[in-house]
Amino acid sequence: MKLILASGSPRRKELLEQIGLEFEVITSNADENTESASPDEIVCDLSRLKAMGVFNQLNKKKDAQEYAVIGADTIVYFNGKVYGKPVGEQMAYDMINSLSGNVHQVYTGVTVVCSNGKVKSFAEKTDVEVCAMSEKEILDYIKTKEPFDKAGGYGIQGAFAAFVKGIKGDYNNVVGLPVSRLYQELKNMEGVL
């Protein structure tokens, strides 16, 4: 079965390549809105919307080939608030400043939609502890421009690694895709791998 990643994220692409899966990238243009309130439901809803968006595009082509579309969405969650991608330097500063010296959660939702009718969604959670950061450290990090395409305003795999005191859970989940769990789920879906 052909695998399709419904994401333009270079990090998700790298993670799937890292575990040796062959796949094609088709970016979803789905409207990403959800009424859900809990972080695990939010990411599952958004990943489902992305996967279904690409699935519906492919369905219109009436391609005889069997495929499985993988949609994913990541958020940072702290003190009852969802942190998506910051818009502007002030928002990035506010996000990082609030995470400084605290433990927050990163949730990634993944949905696999198969042309044979099978659908599987799950959410993975990782706790991330961030060192206390000075105002200068936060501003210097924002100058790298890393915060602007990442949930919570940081990338654990970049310069922000200097401030990550520890994690509890899947590191790759924080990067944007819990590939170990995804691989196991794909294995359990008959005929996908």
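1. Asn-79 is exposed in this predicted model, with a relative accessible area of 66%. The residue is found in the loop between β3 and β4 (81–83). Its phi is positive, about 50°, although Asn-79 is not a glycine. Most residues other than glycine have a negative phi. The setting is a hairpin: β3 and β4 have two residues between them, and Asn-79 is in the turn. Three bridges join the two strands, which run antiparallel. The bridge partner of Phe-78 in β4 is Lys-81.

2. Lys-145 is another non-glycine residue with a positive phi, here about 70°. Lys-145 is found in the loop between α4 (135–143) and β7 (164–168). With a relative accessible area of 51%, Lys-145 counts as exposed; the cut-off for that class is over 50%.

3. Strand β3 deserves a point of its own. Twelve of its twelve residues are buried. In a regular strand the side chains alternate between the two faces of the sheet. In β3, Tyr-67, Val-69, Gly-71, Asp-73, Ile-75 and Tyr-77 point one way, while Ala-68, Ile-70, Ala-72, Thr-74, Val-76 and Phe-78 point the other way. Both sets are buried, Asp-73 and Thr-74 among them.

4. Another partner is β5, which runs antiparallel to β3 and is joined to it by ten bridges. Ala-68 stands opposite Cys-114 of β5.

5. The structure holds five aromatic pairs. A pair of aromatic rings is described by the distance of the centres and the angle of the planes. Phe-55 and Tyr-67 form a tilted pair, 5.9 Å centre to centre, with 55° between the planes. Phe-55 lies in helix α2 (residues 39–60) and Tyr-67 in strand β3 (residues 67–78), so the pair ties together parts that are twelve residues apart in sequence. Both Phe-55 and Tyr-67 are buried.

6. Tyr-77 and Tyr-107 form an edge-to-face pair, at 6.1 Å centre to centre and 90° between the planes. This pair links distant parts of the chain, 30 residues apart: Tyr-77 is in strand β3 and Tyr-107 in strand β5 (residues 103–114). Tyr-107 is buried, its relative accessible area being 13%. Tyr-77 is buried as well. Elsewhere, ring pairs link Tyr-141, Tyr-154, Phe-160 and Phe-163 into a cluster.

7. Which residues of helix α1 (residues 10–18) are buried? Arg-11, Arg-12, Leu-15 and Leu-16 are. These four cover an arc of only 135° around the axis, which puts them on the same side of α1. An α-helix has 3.6 residues a turn, so residues three or four places apart point the same way. The buried residues of α1 pack against β1 (2–5), β2 (23–25), α2, β3, α5 (171–175) and α6 (179–188). Two of the buried residues of α1 are arginines, Arg-11 and Arg-12, a point to keep in view when looking at that side of the helix.

8. Asn-173 is found in helix α5. Is Asn-173 buried or exposed? At 0% relative accessibility, Asn-173 counts as buried. A polar atom of its side chain lies 3.2 Å from the backbone oxygen of Glu-124. The side chains of Asn-173 and Thr-126 are joined by a polar contact of 3.1 Å. Leaving aside its neighbours within four places in sequence, Asn-173 is in contact with Thr-74, Val-106, Thr-108, Glu-124, Lys-125, Thr-126 and Pro-178.

How values were computed: Residues are numbered from 1 along each chain as its sequence is written. This is a predicted model: local features need pLDDT of at least 70, side-chain atom pairs count only at pLDDT 80 or more; totals for chains, interfaces and linings use all residues. Side-chain values use heavy atoms; hydrogens and water are left out. Rings of Phe, Tyr and Trp (its six-membered ring) pair if their centres lie within 6.5 Å; planes under 30 degrees apart count as stacked, over 60 as edge-to-face and the rest as tilted. Buried means under 20% relative accessible area, exposed over 50%, partly exposed in between (1.4 Å probe, protein chains only). The arc is that of the directions from the helix axis to the C-beta atoms. Contact means heavy atoms within 4.5 Å. Two strands pair if DSSP finds at least two bridges between them. A polar contact is a pair of N or O atoms within 3.5 Å; within protein, one must be able to donate a hydrogen and the other to accept it, and residues adjacent in sequence count only if both atoms are side-chain atoms.
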